[in-house]
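Below are a few notes to read alongside the model.

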Amino acid sequence: MNHPSTYRTLAAPAYAEFKDKGSRFLAFAYPLCRAGDLKNLLEPLQKEHFKAVHHCYAYRLGHEGNDFRANDDGEPSGSAGRPILGQIDSFELTDAAVIVVRYFGGTLLGVPGLIHAYKTATREALNGAQIVELARRRRLSIECDYALLSEVLRQLKIAEADILEQDLQLQCRILADVPLANEAACKSALAKHHTIIVHSPVDTL
């Protein structure tokens, strides 16, 4: 399956607040590359806002957007996490998370009211966020004779690749991230030298 050559994500954290019938909804939007890193964002907010009744969140990650989660944290099912995720999708973001902290104001909002509040708080945070469009990349592992090293590095520079690792022996190995838009041309140029082996272990954002 062909992927778009770019993706949209957050350049920096963003914040917004929404109030309804005394309840406060504090929305914190973050760039997020790995699901395991969410706790590093959530736990400080839980400590800072320990008097809040709910800390709801959602995120979407990866090329296909298949890695996602929506958490209601005790709110009625589907009234918090899903509206948050819906706004992340509405802004066509990936590698992004939003946590909404709720302080209860004493008046029940009902499920429609909660959906509106979590949706609005998230939308306001994302409206104020700096959104960037970045190139998707393919990670290549390249092996070549030392005599061909300069040509390999030249082709990677032309492809605007990021060099991650270099093991420079008689047989050299280079690990690089190449923009998807430049991958085919880069591979074609490298393939002209039959001693070069190019692998594509993973896609990366």
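Which hand, left or right, does the crossing of H4 and H5 have?

1. The crossing of H4 and H5 is right-handed, where right-handed means that the near helix is turned clockwise from the far one by less than a right angle, and left-handed anticlockwise. Helices (H or I, at least four residues) and strands (E, at least two) are DSSP runs, numbered from the N terminus.

2. A word on the source: this is a predicted model, with local features needing pLDDT of at least 70 and side-chain atom pairs pLDDT 80 or more, while totals for chains, interfaces and linings use all residues. Residues are numbered from 1 along each chain as its sequence is written, and side-chain values use heavy atoms, leaving out hydrogens and water.

3. H4 packs against H5 (residues 180–191) at an angle of about 165°, and their axes are 10 Å apart. The two helices are therefore roughly antiparallel (an angle over 145 degrees). Val152, Gln155 and Leu156 of H4 meet Cys186, Ala189 and Leu190 of H5, contact meaning heavy atoms within 4.5 Å. By class, this contact has 5 nonpolar residues, 1 polar and no charged ones.

4. Glu160 counts as exposed because its relative accessibility is 54% (exposed means over 50%, with a 1.4 Å probe and protein chains only).

5. Lys21 sits in the loop between strands E2 (14–20) and E3 (23–31). Its phi is also positive, at about 50°, and Lys21 is exposed at 54% relative accessibility. For context, most residues other than glycine have a negative phi.

Methods. Buried means under 20% relative accessible area, exposed over 50%, partly exposed in between (1.4 Å probe, protein chains only). Axes are lines fitted to C-alpha atoms, for helices over the stretch in contact, and angles run from 0 to 180 degrees between N-to-C directions. Angles under 35 degrees count as roughly parallel, over 145 as roughly antiparallel, 65 to 115 as roughly perpendicular and the rest as oblique. Ala, Val, Leu, Ile, Met, Phe, Trp, Tyr, Cys and Pro count as nonpolar, Asp, Glu, Lys and Arg as charged, and the others, Gly among them, as polar.
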